[in-house]
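User: Please go through the assignments made for this structure. I should like each label set against its criterion.

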Amino acid sequence: KALERAEAYRRAGADAILIHSKQSTADEVIQFSELWADRCPLLIVPTKYYNTPTDLFRKSGISCVIWANQMLRASLITMEKIGKEIYSSESINDVEQNIASLSKVFDLQEVDELQKAQKQYFNS
């Protein structure tokens, strides 16, 4: 059924197919990839079968691996730890060396580019 749906999406103009599995091994997606035979790019999200070597995905013809929530899950652990430290000490003094600087936050937000755009479009 998944192959039939994927083929229908491909025929309808899909740029890629995302196949998902709740199995703890990659067997299901590897089998799908072999049967799919590279008709268009194939994407996977190995949330449950994370211990599969990435090279196996590559060798199986999978085009893209999406590590969907690992960064979010890692940040939750850190936020919880820092939150407990702030609560315990009732201060942020002891956590400053363990968190991103404000300049890093501004860099990620591309604040400089936003300020240039504001000057260009709002101050004219």
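User: Where does T52 lie?

Analyst: T52 lies in the loop between β2 (42–44) and α3; helices (H or I, at least four residues) and strands (E, at least two) are DSSP runs, numbered from the N terminus. The model is a predicted one, in which local features need pLDDT of at least 70 and side-chain atom pairs count only at pLDDT 80 or more, while totals for chains, interfaces and linings use all residues. Residues are numbered from 1 along each chain as its sequence is written, and side-chain values use heavy atoms, with hydrogens and water left out.

User: Why is T52 called buried?

Analyst: Buried means under 20% relative accessible area, exposed over 50%, and partly exposed in between (1.4 Å probe, protein chains only). T52 has 10% relative accessibility, and therefore counts as buried.

User: What makes the approach of T52 to the backbone oxygen of Y49 a polar contact?

Analyst: A polar contact is a pair of N or O atoms within 3.5 Å; within protein, one must be able to donate a hydrogen and the other to accept it, and residues adjacent in sequence count only if both atoms are side-chain atoms. A polar atom of the T52 side chain lies 3.0 Å from the backbone oxygen of Y49. Residues up to four places away in sequence being set aside, T52 touches A26 and F57, where contact means heavy atoms within 4.5 Å.

User: How do you know whether S60 is buried or exposed?

Analyst: The relative accessible area of S60 is 14%, so S60 is buried. S60 is located in the loop between α3 (54–59) and β3 (64–65). Its side chain reaches the backbone oxygen of L56 at 2.7 Å. Apart from neighbours within four places in sequence, S60 is in contact with I30 and S33.

User: What makes E7 and R10 a salt bridge?

Analyst: A salt bridge is a side-chain nitrogen of Lys or Arg within 4 Å of a carboxyl oxygen of Asp or Glu. For E7 and R10 the N to O distance is 2.5 Å. The two residues are three apart in helix α1 (residues 2–11), and so are separated by about one helical turn. E7 is buried at 9% relative accessible area, whereas R10, at 31%, counts as partly exposed.

User: Why is R58 called exposed, and what is its salt-bridge partner?

Analyst: R58 has a relative accessible area of 55%, so R58 is exposed. Its partner is D55, the closest N and O atoms being 3.0 Å apart. D55 counts as partly exposed because its relative accessibility is 34%. A search of the whole structure finds six salt bridges.

User: How do you know that the span of α4 agrees with expectation?

Analyst: The expected span of a helix is 1.5 Å times one less than its number of residues. The 20 residues of α4 should therefore span 28 Å, and the end C-alpha atoms are 29 Å apart, which agrees. α4 is followed by E90, whose phi is positive, near 55°.
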